[in-house]
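Please read these points with the sequence and the structure open. They are meant for someone who has not seen this structure before.

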Amino acid sequence: MSFLRKTIPMLGALGRQHQHLKTVVGALPTSSRQYSSDPANDYANFPGAKAPFVSQLKLNLPEDYAPIPIYRVMDRDGFIADETQDPQLSREVVEKMFRDMLLLNTMDKILYESQRQGRISFYMTNFGEEASHIGSAAALEMRDLIYGQYREAGVLVWRGFRIDQFIDQCYGNVDDLGRGKQMPVHYGSRELNFVTISSPLSTQMPQAVGAAYAMKMKKGNDACVVCYFGEGAASEGDAHAAFNFAATLGCPVILFCRNNGFAISTPSHEQYKGDGIAGRGPMGYGIATIRVDGTDVFAVYNAMKMAREYVLKENKPVVFEALAYRVSHHSTSDDSTAYRSPEEIEVWNSVDNPISKLKRYMVHKGWFDEAEETAFIKDVRKKVLKQIAVSEKKLKPNWREMFEGVYAEMPEHLVEQRKELEKHLEAHKEHYPLKNFKQ
Ligand SMILES: Cc1ncc(C[n+]2csc(CCOP(=O)(O)OP(=O)(O)O)c2C)c(N)n1
Ligand SMILES: [Mg+2]
């Protein structure tokens, strides 16, 4: 009874409201009517979608829609097809791009081998993706905040992360900025505005969007967030959350997908059925989207400049898809020849390789010097090998540090665990290599 007593007056109120709306709509000229079911208007205005009405029933098939085109500046021979697209970078900048790619490539080769020799526990190379790292990093400002996935070491190289910092991190020694808390390649640098890598895929994505939202709230903001992720990581639920929050909250974030064709052994054609990750942008999430040849450093650079300008001017996100090929194994825990042919790998390692493309461009410009390249690689090799010898001799951080640095104040349960470990090590010290840790 009491339910009815409350409901009947409510229905009466709704009826009155409905009556009122009818009067208002009736009074409006047809053109300004807001309601989708108006027969005089074939453009629907549902709260959930604005689109035309049609009277032909049609199943919208993926193949009815053209794929998003791939922007490129250079062809595989290093020639610029449309001169208006040449970013006109100075010789100095192009040489830095080239040298940074060579440095990354050389360091990767040695650190990969050092894992094979049992010197470090794990490694991931960046072969084939150097242009998307360097081209994107070069188009940003240092104040822009970077969230990486793990295969973006070139962004750090461009920003000035040093060889000793890379190698100390891989050894997790006392000079590792991460204090030995993470696996190799999980770099981070407060100084370089690069948030520390997390192993669980896509965790960085909603975090990056949140950081961009916070930036937008700051008066006079002139920085954006760039969030790198792989096409495999884009299948995680967190990726959806990130895309949708970025769009609906209007966040100045560039959602940079490195689509390298594989998520460990899963090829991209098994990962998704749509038009890559770019295909999700404009229609799926209502996000401005750019798709580029990720082996072309100038294409990535131009597109990133445009993306940065847009996200800051509009306070809206951009989906950025850089297409490339993961030339090496996923990591040292993988053998990719088990699921792809050596011939296929070789194409991407030679003719369609980002470094050789830039090199050919430099040759046409008369900016390339073979002897200089050889000397540079030799010098990097020497530095890396020397640093390995230094980094592997350094002590590990004090083991007590493992409990520190996550919370501003150590919670009770961690204080307890640290005490327990202290007691355990005191009782069984002969079984632990304590001399390798800083006291
Ligand atoms: C939540 C989660 N699931 C699975 C993994 C294991 N894993 C690590 S990397 C990876 C593949 C990611 O592929 P992609 O995002 O395309 O990046 P790529 O390695 O190609 O650069 C997987 C499945 C993980 N780290 N986290
Ligand atoms: Mg991938």
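1. How many Å apart do the C-alpha centres of domain 1 and domain 2 lie? The model is a predicted one, and in it those two centres are 35 Å apart. The domain assignment places domain 1 at residues 83-391 and domain 2 at residues 399-436.

2. A record covers part of the chain. The UniProt annotation, from an unreviewed entry, reads "domain: Dehydrogenase E1 component" and covers residues 100-398. That span is 46% helix and 11% strand, and its end C-alpha atoms lie 34 Å from each other.

3. Helix 13 runs over residues 370-391. With 22 residues at 1.5 Å a residue, helix 13 should span 32 Å, and its end C-alpha atoms are 31 Å apart, which agrees.

4. Which residues of helix 13 are buried? They are Val-380, Val-384, Gln-387, Ile-388 and Ser-391. Viewed down the axis of helix 13, the buried residues fall within an arc of 105 degrees, so they line one face of the helix. An α-helix has 3.6 residues a turn, so residues three or four places apart point the same way. Helix 2 (91-116) and helix 5 (163-171) are among the elements that cover the buried residues of helix 13. On the other side of helix 13, the exposed residues are Ala-371, Thr-374, Ala-375, Lys-378, Asp-379, Lys-382, Leu-385 and Ala-389.

5. Helix 3 (residues 130-138) is mostly covered, with nine of its nine residues buried. The buried residues of helix 3 include Glu-130, His-133 and Ser-136, as well as Ala-131 and Ile-134.

6. The largest nonpolar core has 92 residues, of which Val-225, Cys-227, Val-253, Leu-255 and Phe-320 touch the most other members. Helix 10 (residues 297-314) gives the most to this core, namely nine residues. In soluble globular proteins, nonpolar side chains tend to be buried together.

7. What does Val-253 touch, leaving aside residues up to four places away in sequence? Its contacts are Ala-208, Val-209, Ala-212, Cys-224, Val-225, Cys-227, Ala-246, Val-311 and Pro-317.

8. Leu-358 is in helix 12 (residues 354-365). Is Leu-358 buried or exposed? Leu-358 has 26 other C-beta atoms within 10 Å, and 20 or more count as buried, so Leu-358 is buried. Not counting residues up to four places away in sequence, Leu-358 touches Met-97, Phe-98, Met-101 and Val-297. Leu-358 and Val-319 are 39 residues apart in sequence, and their C-alpha atoms are 25 Å apart in space.

How values were computed
Residues are numbered from 1 along each chain as its sequence is written. Chains are lettered from A and ligands numbered from 1 in the order in which they are written. This is a predicted model: local features need pLDDT of at least 70, side-chain atom pairs count only at pLDDT 80 or more; totals for chains, interfaces and linings use all residues. Helices (H or I, at least four residues) and strands (E, at least two) are DSSP runs, numbered from the N terminus. The expected span of a helix is 1.5 Å times one less than its number of residues. A residue is buried if 20 or more other C-beta atoms lie within 10 Å of its own, exposed if 12 or fewer, and partly exposed in between; C-beta atoms are placed from the backbone. The arc is that of the directions from the helix axis to the C-beta atoms. Two residues are in contact if their C-beta atoms, placed from the backbone, lie within 7 Å. Domain bounds come from an automatic or database domain assignment. A nonpolar core is a set of buried Ala, Val, Leu, Ile, Met, Phe, Trp, Tyr and Cys residues joined through C-beta atoms within 7 Å. UniProt positions are given in the numbering used here, feature names are shortened, and annotations may be inferred rather than shown by experiment.
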